[in-house]
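Visitor: I have a structure open and want to learn how to read it. Can we take the features one by one?

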Amino acid sequence: MPEHVLVELGPHRLAALQAGDRRDPAIVLVHGWPLSSAIWEPVIEPLANAGLHVLAFDLPGVGRSAASPDPPTLKSDMAGLVSGAAESAGARNIVIAGVD
C-alpha cells in the first residue's frame with residue numbers, strides 16, 4: 001500500500017504517494033489538470049511489485065499539496081520542480097510518466 005509523504009523544496013510543499021524500495025529505479029507519475037495523484041492509485045502497487053520506486057506527486061495547489069506562493073507557470077518549470085522533488089525524496093534513475 002502506498003504511503004503519503006510530503007516533500008519540501010524551497011517554498012513548495014508537494015504531497016506524494018510513494019511505494020517500493022528507494023534503492024530501485026524510480027518512476028514518477030504526474031497527473032494532468034484538474035486531476036490529482038489519486039488517478040495513479042490503481043497502478044502504484046503493480047509498479048512497486050515490479051521492482052520500481054514509485055512516486056505520484058500532487059502538483060502545487062492540487063490534492064494534498066499546498067498552493068505555492070510563487071507557483072510554476074511554465075511546463076518546463078513544473079518539470080524542474082517535479083524532478084527536484086523526486087530527487088529530494090530519494091529517487092534515482094528517474095523515468096517520468098504523465099497523463100493530461
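Visitor: Which residues does Asp 58 touch, not counting residues up to four places away in sequence?

Guide: Bear in mind that this is a predicted model. Contact here means heavy atoms within 4.5 Å. Asp 58 touches Leu 14, Ala 15, His 31, Ser 36, Ser 37, Gly 63, Arg 64 and Ser 65. Asp 58 itself sits in the loop between strand 4 (53-57) and helix 2.

Visitor: How many salt bridges does the count come to?

Guide: The count comes to 2. One joins the side chains of Arg 13 and Glu 8, at 3.8 Å from N to O. The other is formed by Arg 23 with Asp 21, where the closest N and O atoms are 2.6 Å apart.

Visitor: Are the partners buried or exposed? Take Arg 13 and Glu 8 to begin with.

Guide: Relative accessibility decides. Over 50% is exposed, under 20% is buried, and partly exposed lies in between. Arg 13 has 39%, so it counts as partly exposed. Glu 8 has 53% and counts as exposed. In the second pair, Arg 23 is exposed at 74%.

Visitor: Where are the charges of the chain as a whole?

Guide: Compare mean positions. The chain has 6 positive and 11 negative charges, and their mean positions are 4 Å apart.

Visitor: Now a helix residue. Where is Ala 85, and is it buried or exposed?

Guide: Ala 85 belongs to helix 2, residues 75-88. Its relative accessible area is 0%, so it is buried. Leaving aside neighbours within four places in sequence, Ala 85 is in contact with Val 7, Leu 9, Leu 14 and Phe 57. Leu 55 is 30 residues from Ala 85 in sequence, with 9.8 Å between their C-alpha atoms.

Visitor: What should I look for in the backbone?

Guide: Check omega and phi. Trp 33 and Pro 34 are joined by a cis peptide bond, with omega about 0°. Pro 34 is in the loop between strand 3 (26-30) and helix 1 (41-49). Asn 93 is not a glycine, yet its phi is positive, about 50°. Asn 93 lies in the loop between helix 2 and strand 5 (94-98). With 66% relative accessibility, Asn 93 counts as exposed.

Visitor: In what order do the elements of the chain run?

Guide: Read from the N terminus: β-β-β-α-β-α-β. That comes to 2 helices and 5 strands. The radius of gyration is 12 Å, close to the 13 Å that the globule rule gives for 100 residues, so the chain is as compact as a globular protein of that length. Its C-alpha atoms fill a box of roughly 35 × 25 × 20 Å along the principal axes.

Visitor: What percentage of the residues count as buried?

Guide: Of the 100 residues, 39% count as buried. The chain exposes about 5,600 Å², and carbon and sulfur atoms supply 55% of it. Among contacts between residues at least 6 apart in sequence, 70% join residues at least 24 apart.

Notes. Residues numbered from 1 in each chain as written. Predicted model: local features only at pLDDT ≥ 70, side-chain atom pairs only at ≥ 80, totals over all residues. Heavy atoms only, no water. Helix = DSSP H or I, 4+ residues; strand = E, 2+ residues; numbered from the N terminus. Rg over C-alpha atoms; globule rule 2.2 N^0.38 Å. Buried < 20%, exposed > 50% of the residue type's maximum accessible area, 1.4 Å probe, protein only. Areas by Shrake-Rupley, 256 points an atom, 1.4 Å probe, with all protein chains shown as cover. Lys, Arg positive; Asp, Glu negative; His and termini not counted. Charge placed at Lys NZ, Arg CZ, Asp CG, Glu CD. Salt bridge = Lys/Arg side-chain N within 4 Å of Asp/Glu carboxyl O.
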